[in-house]
Amino acid sequence: MTDAKNTSTIVFDRATKIYPGSDAPALDGLSIEVRAGELVCLVGPSGGGKTTALQLVNRLVDLTSGDIRIGDRSITDIPAIELRRTIGYAIQQSGLFPHMTVIDNIGIVPSVLGWEKTRVRDRAHELLELVGLTPVPEWADRYPSQLSGGQQQRVGIARALAADPPVMLMDEPFGALDPITRTTVQDEFLHVQRTVGKTTLFVTHDIDEAIKMGDRIAILKPGGLLAQFDTPEKLLTEPADDFVAEFLGQERGLKRLSLYTLSDLDDLASADATTGRAPWPALPADTTVRNALSLAAAHGAEGVRVLGEDGSPIAAAPLSRLVHLQSEESV
Amino acid sequence: MSGFAPSGDPIIPDYGEVSDCVTNNDFFCTDWFVQQWPSVFWPALLDHILMTVIAIVVGFAIAFTAALVAHRRKWLTAPFSMVTTFLYTLPPLALFQLLVPITGLSLLTVEIALVAFTLVLLFRGVLSGLLAVPDDVKRAARGMGLSSQQVLWRVEMPLAMPSIISGLRIATVLTVSIATIAAFVVDAGLGAPILKAISSPFNTQFIGAGALAVLLAFLLDGILALTGRALTPWTKASR
Amino acid sequence: MRGPSRRRLLRSLAGMGAVAGVGALSACSTSALTSSVGGARSLTVGSKTFAESWIMGELYAQGLRGIGYQVDLKTNVGSAQIIEQALHAGEIDLYPEYTGVIVVSLAGEDGLLESAEATYEFARDWEAQQGVAMLKATPFENKNAIAVRADFAQEHGLTSIEDLRGIGDFVYSTYPDNVSGAQGYEGIVESYDLPNMKLQTLSIGLNYQAIERGEIQAADVFTTDPQLLRSDLVVLDDPLNLFGFQNVVPLLRDEVLESLDTEAIDLLDTINSLLTLEAIQTLNAASAVNRLDPAQVAREFLLANDLIEG
């Protein structure tokens, strides 16, 4: 494992792409800066240019005008193939090579770069542990056909990280997974990201996934224009225009609530301050506020109680607090 | 000058007794077959193997190259397909007749014809194998920074192997079969005893040679199948 | 199998294949696939499409190889006209031909010649005009003949075809292509005045069974048929020489003859001189009855007569 985090910024500088044969740009003058170590989600409806934006970075598609820089260097400074070897790339169907074992799949870019065999193998082992496919010997020599969809995606992520690239591109990587597996793999990846901290551009059409995963989110609208680029909180509370508001949907209020947990609510009343006929459900402190609201509704309760570390209720949060988040005094 | 030398006094060899089996032209006279093995059947078998192997090796070299070119330049697929299919549909004897005036009664004539028959099977085997590589695999490979050559040789070729082996197997069995017709051009291969045994029908000879041809086809097919499995371990992997 | 080790396997398979290929090709020297590259002391011998011709081709080829020639033997080249073309085209250098066939089929001569020598000379002169030379002829002739069962001959006192005139109706068989023509059924009936000879057509090879079973009394045969070695058949004389003369001679282009040394020419002459009727019938029997390969049959004969080393 590298000690210093090897990670760079990605800067889009009026990046534009017009495909031959069409008048309208697929991406129109995108200018955003992804900070080092940040996970930025690109979302939007189809035709918004999010996949195009991603593919411009590793030059699977070439810029019509504008520039993209990784670190200080423009992506056009070095040949495309060399550039791609310095960028981690994970795609929806994982694209694992069916004829290679898990270990060989993970080690493909390092071996192409000429790393020595033992170094490649050690690195692959390290990554299998990172993505949670342990004990390593059980997984190393399997073929992709012997893995489930979720396991394949994890190998795909390990493969993208293998050569320790400064940036990562992920193109709807969890889109083909069933919802339960998707949640697990998302959590796994967030854990990886906390450990490894790579600058990541993550394309998804699922706004909930973007809110869950992204440090910041860039919403692209049809015509390849940037609608808004902000943190999830800002996006949900201050949508820039009608398009964003509509894209976030009427549930954006609730979506915002999923950004917080019960432990984020301070100055709560004591656990016995309950009202109404139905008993208030007792939930762990890491339950999201949204889920707390949902469970309250399910029980017909006027609030929820918060469980302490010892498992006994220590506080009570009425519906008004669940909705407002901040206590009346601090407003 | 007289055209007739004084008649010599030849020593006429005794060619031995004939078994009843041979006289009655029974279905298969094992003794006769075993006795004739070293001088007739074994050399014929070796020649047959040689003719087949040469044809497959040359045919594969041509078809493989053509398939790679057609893979790069898609528009060539149709013309190549048409030519190789046309060659395949020619009746073997007719092709031999066309070639003999040009290349003579020689191994070259035989090989040109045999190679012509293998091309469409091998071409399709290689090309369809390459085309069957999943798009997401190719996209991932490109996106990760493998050059086109690397994608071709490290990813596409190995994945095309099952189809290539399949084409080789069919082409080999076909070649073993058609090579028996080579006896019309060259007195070699397992077709020679068959041809000679037809005019004055002698069952053991053509059944023996025919059976050897079938066994040879099975053997070569089996060898290729095993080779294919050794080269494609991932196809055996089970959940 | 891991990537690198699979690549190693492929490379070693390819290497083995190449070595095997080269090895096989070079070890090919005794197989029928070797073709002579042409040059001094190399020759291509041809033969026609039936056993006797195959045997003679093998006799010449193996004999010449025994004295150091590189010989390529091409069998089943074709019938008289086709193999002649092959000789002229250079596809083959030498092949055995019947003198009568040269006269009748190649030269197109209708008239009957009087003797074997006359036939030989006519053929030789005609071939000389085509730039083709002839070596010495075999004692044996392979021509059509009429055979009857020995007891039938004894019963009617038959020694020659003329004797058939007075014996009443009898059945004669020949193959379908041999009904008309001077040597065919009609020609025999006309030339020998045999109105009592009736015809049954049979494919070649079925006549012997038929005559044995008494279905026919007389059969069209070839004088070198191995079946004639049996003592129960008698071949009738042909005083009119209707069936002509058919000794076998090696034909070769003039320049090929010039390139051959005397040892080779003497060898071919010697081989031919040893081919008496009995000898060729025995060789044919070895092929037709014992079902031995023509190459083997020829080899045994050459060995027995010290013409090649064992």
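Domain bounds, as used in these legends, come from an automatic or database domain assignment. The structure is a predicted model, in which local features need pLDDT of at least 70 and side-chain atom pairs count only at pLDDT 80 or more, whereas totals for chains, interfaces and linings use all residues. Residues are numbered from 1 along each chain as its sequence is written, and chains are lettered from A in the order in which they are written.

**View 1. The two domains of chain C.** The assignment divides chain C into domain 1 (33-141 + 245-304) and domain 2 (144-235), with 29 Å between their C-alpha centres. Ten residues of domain 1 are in contact (C-beta atoms, placed from the backbone, within 7 Å) with six residues of domain 2. On the domain 1 side, helix H11 (residues 277-288) of chain C gives the most, with six residues; helices (H or I, at least four residues) and strands (E, at least two) are DSSP runs, numbered from the N terminus.

**View 2. The side of chain C that touches chain B.** Here 41 residues of chain C are in contact with 36 residues of chain B. Among the elements of chain C that give two or more residues to this side are helix H1 (3-26), strand E2 (70-74) and helix H12 (294-304), while the largest share, five residues, comes from H11(C).

**View 3. The side of chain A that touches chain B.** The contact takes 18 residues from chain A and 17 residues from chain B. Helix H2 (80-84), strand E6 (87-91) and helix H4 (108-112) of chain A each give two or more residues to the chain A side, to which H4(A) gives the most, with three residues.

How values were computed
Two residues are in contact if their C-beta atoms, placed from the backbone, lie within 7 Å.
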